[in-house]
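User: I would like to learn how to read a protein fold, one feature at a time. Please give the general idea before each case.

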Amino acid sequence: MNPFSAPADRRAGTSCPLAPAEVLSVNRYARFRHRLRSTVLQLGERAARHPEEPPAPEVSWPLPPEPRSVPRARRLVRARLAEWGLEEQGEVAELLVSELVTNALDHASGAIRLTLCCQDGLLRCEVEDAHPAAPRMRRARDDDERGRGLYMLDLLACSWGSARTPAGKAVWFELPVDALSEDRVA
């Protein structure tokens, strides 16, 4: 049954609740509307950019799922930020990237991808892995050697989060960069 042809009292949910199949249909429609709206908003943002506006600098590297990827990720971040003129964010970015890569090695298997992007006054660092579960903070005891990485991320980054990807998830954080540095990147 089409949920839009249901009687008004069923649509309003007053006296006659929707049947389970109708609820599923309404949920599918809501998800479709959300995806359509998101796509339209993204296209509008792209169309609103000035043609002379250069694309945001972005770089991405695959990392093997082995411990030597942690120092390699730190070196890659340090070198790219120096190239972009963002050395002032280097130490914090290196520390947080190494935490995310370490978490990916500890909790996921398979390939890891590190991505850096600088846009709108923010440096965004993203680590993608093959494990679909979002990271969660846990309480570390005083004598624990592990379990504090996400707390550091929460403390040092201006924002952070995770998003599902077709291959698993991406955990990201953002750090502010000053306007002068952002001009040097472009």
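User: In which sense do S1 and S2 pair, and over how many bridges?

Analyst: First, the ground rules. This is a predicted model, where local features need pLDDT of at least 70 and side-chain atom pairs count only at pLDDT 80 or more, while totals for chains, interfaces and linings use all residues. Residues are numbered from 1 along each chain as its sequence is written, and side-chain values use heavy atoms, with hydrogens and water left out. Helices (H or I, at least four residues) and strands (E, at least two) are DSSP runs, numbered from the N terminus. Two strands pair if DSSP finds at least two bridges between them. Here S1 and S2 pair in the antiparallel sense, over six bridges. One place to look is Leu63, which stands opposite Ile112 in S2.

User: What does the protein chain contain in helices and strands?

Analyst: The protein chain has six helices and five strands. Along the sequence their pattern reads α-α-β-α-α-β-β-α-β-β-α.

User: What is Val59 in contact with, apart from its neighbours within four places in sequence?

Analyst: Contact means heavy atoms within 4.5 Å. Val59, in strand S1 (residues 58-63), touches Arg80, Trp84, Leu114, Thr115 and Leu116 by that rule. Val59 counts as buried because its relative accessibility is 12%. The C-alpha atoms of Val59 and Cys118 are 9.5 Å apart, although these residues are separated by 59 residues along the chain.

User: How do S2 and S3 pair, and what joins them?

Analyst: Strand S2 (residues 112-119) pairs with S3 in the antiparallel sense over seven bridges. The two strands form a hairpin with two residues between them. Asp120 in the turn has a positive phi of about 55°.

User: Which residues make up the covered face of S3?

Analyst: The covered face of S3 holds Leu123, Cys125, Val127 and Asp129. The uncovered face holds Leu122, Arg124, Glu126 and Glu128.

User: What lies on the face of Trp172?

Analyst: A charge sits over a ring if NZ of Lys or CZ of Arg is within 6 Å of the ring centre and within 35 degrees of the ring normal. Arg124 meets this rule over Trp172, at 4.2 Å from the ring centre.

User: How many disulfides are there?

Analyst: A disulfide is a pair of cysteine sulfur atoms within 2.5 Å. The count here is zero. Cys125 is in no disulfide, and the nearest cysteine sulfur, that of Cys118, is 9.6 Å away. Cys125 is buried, at a relative accessible area of 0%, whereas Cys158 is partly exposed, at 46%.

User: Which strands pair with S5?

Analyst: Strand S3 (residues 122-129) pairs with S5 in the antiparallel sense over eight bridges. In that pairing, Leu123 stands opposite Leu175, and the bridge partner of Asp129 is Lys169. S4 also pairs with S5 in the antiparallel sense, over seven bridges. There, Ala163 has Ala170 as its bridge partner. A hairpin through two residues joins S4 to S5.

User: How many residues of S5 are buried?

Analyst: Eight of the nine residues of S5 are buried, and S5 is mostly covered. For the protein chain of 186 residues, 31% count as buried.

Key. Buried means under 20% relative accessible area, exposed over 50%, partly exposed in between (1.4 Å probe, protein chains only).
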